[in-house]
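Hi,

Here is the structure we talked about. Please have a look, then read the notes below.

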Amino acid sequence: MICPPPAQLSSLELLGFGDCGWGATLLWGFGNSILIAIGAYALGFLIGVTGAFGKLYGGPVAKDLWSVYTTLVRAVPELVLMLILYYAVPAGLNQLLIASGYERIDLPQFITGVVVLAFVQGAYQTEVLRGAILAVPHGQIEAARAMGMAPGQVARRVIFPQMTANAVPGLGNLWLNATKDTALLAVIGFSELTKATYQASATTKAFFTFYPAAMAMYLLISLISIFAFARIEKWARKGQRDVRG
Amino acid sequence: MQSFLKPHRIVLIALALAAVAAAVVWGRWEWLGESKYQILILKGIWLSIWLTTVTMVVGMCLAIPIGLAQAVGPWYLALPARIYCTIIRGTPLLMQIWLLYYGLGSLFPGTWVQKSDLWPLLRQAWPYAVVALSLSVAGYEGEVMRGAFRGVPHGQLEAAKAMGMPRFTLFRRIWLPQALNRVLPTIGGETVLQLKSTPLVSTITIMEIYAVAGRIRQDTFIVYEPLFLLAIIYMAIAGLIVFMFRWLESRTPQRTA
């Protein structure tokens, strides 16, 4: 089917799923953005938990190295870090593979994107989780140790349940950041929502159709997430005394 | 100093210095010697600092009424302010910049604007960059200021009213200074975040330091070295901002318990 010039199409037709619409492109980009955000957030959480415990209970060298990591990442723009990692991660991995006798691989864009964003997320999550652990009353941890609990047990039974409530607001903000940071990947050429919007609007010149539509999608995730994290916080705070009395 | 220089730290510092030395010796830095790039880099650093400062100041000027409207305004002011903050904070800055530059910028050619005196200004990219970055600051800081205005003890405002202060004087002498004083550390952090947002405007042809590094990489085909320089420059500027805000905080009177 040959499409009429974009100027003759209505906004609905442009956003639709027909042959002339860009709906499928946008939605595909949207899905991609969410998947990258989820992957980066999850991987960042692993880094964050390791980092928080490393910073608080690690040896002197580990403590310093984690401090260097969080300070560096938080002082350098995400875009610069992404660009460095975008080249460094695949190159480093391939060198490692070749050195250990395997063949080089082409890392899928998706995985590079996730790793790069997770590296940034990890630094911020480390700080949020560290603060949350510090807010757990120290007597609780001492009591658990005095009862002869192993470090893993202390973490699982005493620290985690009590730090959750403190960590949820910060982690919620970081999740919102993760969804918005996926847009930065557009600059280094990933096909996610912002890139899809750029392509659609540059082709059709219908800027005021595509940008508000994409912004509405981002806004939708934000609003749903804010609601969800409020519920999670309520759940995590059950059994805690309400400050307002 | 004794507590900082523990044995393992000395080893770590030595390792870091060795890494830096290796990067200096084996890296390709010859482009740093070319005056063409030196000028570009200096101009780029200046532009990044200029963008951060100007957009922070303009943004804060917008954030104060937005925060006030949300904190104590009637619903017909509070609601739009609230919606504005939600939209700005809920969508990526990159998208806002592109919407303004490509979208708004595409509306002007062929209309009366093209013939007006504003055109030479609107034809360039930097007004769009300044507007987009300032609006973003206004959205984030509007939310911060809302909390700040609410946090000023009510007794202060009542005392000022009882002294017969007109409303504007009360705002200028009591409410605003105390609110700003409260959020000074937050604003410092937000300024660093704002600095870290400025590379986004390189996508709309602004030659700030990130764009300069990109240009050098394109010209010389060197992958990492310009990026390392970029990271160091941003860290230095961020350090400068943190230092400046610490100094500001030390100058404002703090009542501690």
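F221(B) sits in the loop between helix 10 and helix 11 (225-251) of chain B. Bear in mind that this is a predicted model. The phi of F221(B) is positive, near 60°, and the residue is not a glycine. Is F221(B) buried or exposed? Its relative accessibility is 70%. F221(B) therefore counts as exposed, since the cut-off is over 50%.

Chain B has another such case. T205(B) is not a glycine either, yet its phi is positive, at about 70°. T205(B) belongs to the loop between helix 9 (167-197) and helix 10 (209-220) of chain B. With a relative accessible area of 57%, T205(B) is exposed.

Now to chain A. K180(A) is part of helix 7, which covers residues 151-181 of that chain. K180(A) is buried but forms no salt bridge. Which side chain of opposite charge is nearest to K180(A)? That is D181(A), 7.2 Å away. A salt bridge needs 4 Å or less.

What does the side chain of K180(A) have close to a polar atom instead? The backbone oxygen of R89(B) lies 2.8 Å from that atom.

When you open the model, please start with K180(A) in helix 7 of chain A. Then go to the two loop residues, T205(B) and F221(B).

Best wishes

Technical notes: Residues are numbered from 1 along each chain as its sequence is written. Chains are lettered from A and ligands numbered from 1 in the order in which they are written. This is a predicted model: local features need pLDDT of at least 70, side-chain atom pairs count only at pLDDT 80 or more; totals for chains, interfaces and linings use all residues. Side-chain values use heavy atoms; hydrogens and water are left out. Helices (H or I, at least four residues) and strands (E, at least two) are DSSP runs, numbered from the N terminus. Buried means under 20% relative accessible area, exposed over 50%, partly exposed in between (1.4 Å probe, protein chains only). Lys and Arg count as positive and Asp and Glu as negative; His and the chain ends are not counted. A polar contact is a pair of N or O atoms within 3.5 Å; within protein, one must be able to donate a hydrogen and the other to accept it, and residues adjacent in sequence count only if both atoms are side-chain atoms.
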